[in-house]
There are 2 protein chains.
Amino acid sequence: MNNDSTDLLLVAGEYLITSPNKRPLEDSCVVISDGTVVEYGKTRQMKAKYQKARVMERSSGLIAPGFINCHTHAPMVLFRGICDDIPLKQWLEEYIFPAEAKLNKTFIRLATMLACAEMIRGGTTTFVDMYFFEREMANVVDEVGMRAYLGEGIFDFPSPAFENADKVLEETVGLIEEYKDNDRINFTVDPHTPYTCSSNILEKAASFAKEHSLPLVIHLAETKWEFDETISSHSTTPVKYLDELGLLGPNLVAVHCVWLEDDDIELLAQKGVSVVHCPESNLKLGSGISPVAKLLEAGINVALGTDGAASNNNLDMLGEMDFAAKLPKGVALDPAVVSAEKVLDMATAAGGRAMGNKAIGMLEPGCKADLIVIDLDRPHLRPCYNPVSQLVYAASNRDVTDVLVDGRFLMTNSELVTIDEPGLIEAIKSFQNQPFWKE
Amino acid sequence: MNNDSTDLLLVAGEYLITSPNKRPLEDSCVVISDGTVVEYGKTRQMKAKYQKARVMERSSGLIAPGFINCHTHAPMVLFRGICDDIPLKQWLEEYIFPAEAKLNKTFIRLATMLACAEMIRGGTTTFVDMYFFEREMANVVDEVGMRAYLGEGIFDFPSPAFENADKVLEETVGLIEEYKDNDRINFTVDPHTPYTCSSNILEKAASFAKEHSLPLVIHLAETKWEFDETISSHSTTPVKYLDELGLLGPNLVAVHCVWLEDDDIELLAQKGVSVVHCPESNLKLGSGISPVAKLLEAGINVALGTDGAASNNNLDMLGEMDFAAKLPKGVALDPAVVSAEKVLDMATAAGGRAMGNKAIGMLEPGCKADLIVIDLDRPHLRPCYNPVSQLVYAASNRDVTDVLVDGRFLMTNSELVTIDEPGLIEAIKSFQNQPFWKE
């Protein structure tokens with residue numbers, strides 16, 4: 001190995017978590033070159049081995065893989081707190097849909113920038129998005145330096161951005177070609193739900209995803225209404241309905257999965273489907289509680305997502321982990337179900353597996369250098385006996401001090417590097433005084 | 001009014017929440033004198049009226065009443081993450097009890113200082129504590145400048161601090177006398193549970209509380225084990241058992257109340273008992289989910305607490321509000337139950353009502369000047385359409401920039417004023433390397 005090409009030796013003053021399933025390391029550092037983790041090891045040995053590397057120390061730092069927010073609608077940050085605590089139908093019909101109908105590319109760019117600022121500050125390095133105008137989002141995400149999987153929503157009816165499913169797929173072909181040399185910007189195929197897409201469109205989306213080797217992302221079994229409606233329309237459960245259409249497979253990413261029969265769980269496991277758990281949104285919208293302990297027990301790959309900020313109301317993966325770890329314990333009356341380590345896996349490596357990308361969500365040699373530093377020198381993070389417990393149960397979004405994606409600093413010492421944060425905040429304040437849906 | 005005696009005019013650049021039940025005000029400020037809220041109003045008018053007052057502006061600030069953490073065991077911060085995700089009995093017997101048995105006054109002082117630092121940073125101005133060595137705690141809390149209600153745990157058996165209940169009550173008499181001129185330091189009477197105290201001790205504690213006009217605080221109906229055990233030993237539910245002993249009344253503060261029959265709820269309402277809801281701890285320990293929507297519907301005063309950091313694992317009231325607001329929606333499958341405004345009440349004014357103190361938890365004229373400033377110029381708090389929603393659903397502990405208790409700044413511009421934070425962190429790090437229970 002030519003040690004001269006080594007860029008950076010990042011030293012974890014306290015702990016280095018290389019993978020959610022491995023014991024955190026002490027006195028250790030990670031060696032980064034060309035956006036990739038070269039190796040990790042004891043700091044003294046690494047310093048001797050890579051003598052020409054730039055060394056950065058984070059004396060009270062915990063280094064961990066960056067979070068993968070596996071389900072969001074990032075631009076919905078503009079609708080954060082637009083209205084809360086009212087019935088779902090009224091919330092959608094009176095607030096969200098009318099506002100979304102007036103979305104345009106300018107607002108999508110502003111909103112995506114805001115969402116990226118929030119996500120970087122909270123330690124998210126990759127996000128998986130389903131929304132509209134994903135071309136504008138790709139552009140902003142690329143500029144900001146995050147990693148993303150972007151999916152343009154597909155419906156039976158026109159979306160705010162496209163007339164029909166064919167136009168969406170056409171756009172997706174173009175985007176894939178445009179970004180083929182940029183491994184930070186990736187695409188997915190996103191039929192919205194089994195009830196807003198006809199069987200014909202669902203099948204078309206699935207076959208397009210297979211042809212282009214893309215993840216197929218769908219909201220599935222989110223509400224009791226959807227469950228009952230599917231039984232009534234198709235005489236079977238949402239999961240089995242998708243199985244009948246041939247959609248269940250290792251590239252399917254089923255978001256929510258709150259309303260499941262036991263044999264739905266078996267089916268998801270057999271077919272290798274990944275599930276994205278969004279506990280805060282499921283609670284806040286009154287959708288229910290996903291049987292996540294059972295999903296994990298069945299061997300299903302379960303990733304974690306915040307959902308959009310309108311139903312959360314933030315994009316904070318540390319907060320989401322806290323809910324994901326505690327909720328199943330209270331439901332099962334058993335403090336031993338769904339450990340902190342398992343939840344950290346949901347927030348990191350499981351998201352990579354859901355996207356078919358094993359180079360993210362871990363810091364093993366050859367993985368992408370997508371990582372975060374948490375400063376433990378804060379009253380609510382001391383003492384620290386177990387850094388994984390501290391991340392999942394005690395930390396909050398502003399404890400993240402540094403964020404790297406592809407080995408590049410997007411935040412350092414709590415300052416955003418690639419975003420003009422004061423300018424962004426001012427732009428959002430102007431927007432807030434005159435929201436576009438009131439124009 | 002002699003306007004010369006007016007000390008401080010604190011200007012909320014964005015919003016002023018004077019009470020959880022009132023509409024947030026814009027262009028407003030609060031006028032503080034001698035530790036008390038004199039009045040609030042439009043900033044321009046107040047500036048004209050109080051021309052000699054010191055004016056402090058918080059341009060992107062939201063001012064709100066400080067949080068009242070209505071149940072904690074503050075020194076348990078030393079056991080934060082000592083062990084997680086194991087069955088309750090093993091957690092208590094193998095980790096918590098052996099560590100607590102070795103507690104002493106020095107560690108209580110250190111632990112209380114750490115807990116206060118964390119609570120101030122998170123916007124808590126008052127806390128209600130049940131633990132051991134409350135005399136040492138009182139001393140630290142007084143020094144730090146917070147407001148507290150402190151209760152020395154009473155058991156059938158010796159505690160780490162006292163031989164028996166009589167000694168605890170004797171100590172309490174002494175403390176009341178000692179602090180009678182200090183309205184920040186208050187005391188409660190704390191029989192631990194209905195199953196760790198004999199009926200004799202419960203009755204003695206209740207009559208002592210009545211005699212001294214103190215709140216009577218008890219853990220009640222926390223676990224299914226307790227519920228079943230009470231049925232088996234006393235042929236009735238935990239709530240009805242306490243009623244038979246004459247403990248239910250307006251000074252009773254019943255913590256947890258997870259396992260209740262419908263007529264238990266009626267009984268708590270009829271007798272004017274306050275309940276303290278600790279959703280994160282109840283979930284994490286696998287105790288269950290309190291029927292908090294039903295309690296509120298019955299008209300019960302429900303306050304909010306974090307419980308100790310060993311079962312949470314922080315003392316963050318903003319995080320606790322998020323759980324308290326979302327959880328009942330998911331359980332009831334109804335996004336309209338337990339509104340953000342109601343949860344803000346639980347975290348502020350309801351705690352004051354539980355303690356029989358209507359001068360805290362609100363910023364009405366004559367109330368204590370216990371208040372916080374939240375900086376809204378952060379990506380996860382923009383846009384801001386509704387400041388109450390932002391507090392409950394989006395904010396996190398480190399968004400608090402200023403904290404005042406009794407009109408005195410305990411934190412300003414995110415710097416602690418009354419605590420040497422770097423020195424404290426160093427002391428905790430030394431402790432962490434050699435925890436006392438391993439000596």
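This is a predicted model: local features need pLDDT of at least 70, side-chain atom pairs count only at pLDDT 80 or more; totals for chains, interfaces and linings use all residues.
## The interface between the chains

The contact draws on 69 residues from chain A and 69 residues from chain B, and together the two chains bury about 5400 Å², of which 60% lies on carbon and sulfur atoms. On the side of chain B, the residues B:Asp85, B:Pro379 and B:Tyr385 account for 14% of the area that this chain buries against chain A, which is more than any other three residues supply.

Polar and charged pairings also cross this interface, with 32 residue pairs in polar contact between chain B and chain A, counted where both residues have pLDDT 80 or more, and with 10 salt bridges found by the rule. A salt bridge links A:Asp377 to B:Lys429, where the closest N and O atoms are 3.1 Å apart.

## Helices of chain B that face chain A

Several helices of chain B each supply at least two residues of the side that touches chain A, namely H3 (105-121), H10 (279-284), H12 (317-332), H15 (387-394) and H16 (421-433). Helix H12(B) gives the most to that side, contributing seven residues. By class, the residues of chain B that touch chain A comprise 32 nonpolar, 17 polar and 20 charged.

In chain A, helix H12 (residues 317-332) packs on helix H15 (residues 387-394) at an angle of about 95 degrees, with the axes 7 Å apart. Because angles of 65 to 115 degrees count as roughly perpendicular, H12(A) is roughly perpendicular to H15(A). From H12(A), the residues A:Leu318, A:Met321, A:Asp322, A:Ala325, A:Lys326 and A:Lys329 take part, and they meet A:Leu391, A:Val392 and A:Tyr393 of H15(A). This contact has six nonpolar and three charged residues, with no polar ones.

In chain B, the axes of H12(B) and H15(B) come within 7 Å and cross at roughly 95 degrees, which makes H12(B) roughly perpendicular to H15(B). Here B:Leu318, B:Met321, B:Asp322, B:Ala325, B:Lys326 and B:Lys329 of H12(B) make contact with B:Leu391, B:Val392 and B:Tyr393 of H15(B), and the residues involved divide into six nonpolar, no polar and three charged.

## Packing of H5 against H6 in chain B

Helix H5 (residues 165-178) of chain B and helix H6 (residues 199-211) of chain B pack at an angle of about 10 degrees, their axes lying 11 Å apart. Because angles under 35 degrees count as roughly parallel, H5(B) is roughly parallel to H6(B). The contact is formed by B:Ala165, B:Asp166, B:Leu169, B:Thr172 and B:Val173 from H5(B), together with B:Ile201, B:Lys204 and B:Phe208 from H6(B), and by class these are five nonpolar, one polar and two charged residues.

## Local backbone features

Most peptide bonds are trans, and most residues other than glycine have a negative phi. In chain A, however, a cis peptide bond joins A:Asn312 and A:Asn313, with omega of about 10 degrees, and A:Asn313 is found in the loop between strand S14 (301-304) and H12 of chain A. In chain B, the peptide bond from B:Asn312 to B:Asn313 is cis, with omega near 10 degrees, and B:Asn313 lies in the loop between strand S14 (301-304) and H12 of chain B.

The residue B:Leu333, which is not glycine, has a positive phi near 55 degrees, and B:Leu333 lies in the loop between H12 and helix H13 (340-347) of chain B.

How values were computed. Residues are numbered from 1 along each chain as its sequence is written. Chains are lettered from A and ligands numbered from 1 in the order in which they are written. Side-chain values use heavy atoms; hydrogens and water are left out. Axes are lines fitted to C-alpha atoms, for helices over the stretch in contact, and angles run from 0 to 180 degrees between N-to-C directions. Helices (H or I, at least four residues) and strands (E, at least two) are DSSP runs, numbered from the N terminus. Angles under 35 degrees count as roughly parallel, over 145 as roughly antiparallel, 65 to 115 as roughly perpendicular and the rest as oblique. Contact means heavy atoms within 4.5 Å. Ala, Val, Leu, Ile, Met, Phe, Trp, Tyr, Cys and Pro count as nonpolar, Asp, Glu, Lys and Arg as charged, and the others, Gly among them, as polar. Buried area is the accessible area (1.4 Å probe) that two parts lose on being put together, summed over both. A salt bridge is a side-chain nitrogen of Lys or Arg within 4 Å of a carboxyl oxygen of Asp or Glu. A polar contact is a pair of N or O atoms within 3.5 Å; within protein, one must be able to donate a hydrogen and the other to accept it, and residues adjacent in sequence count only if both atoms are side-chain atoms.
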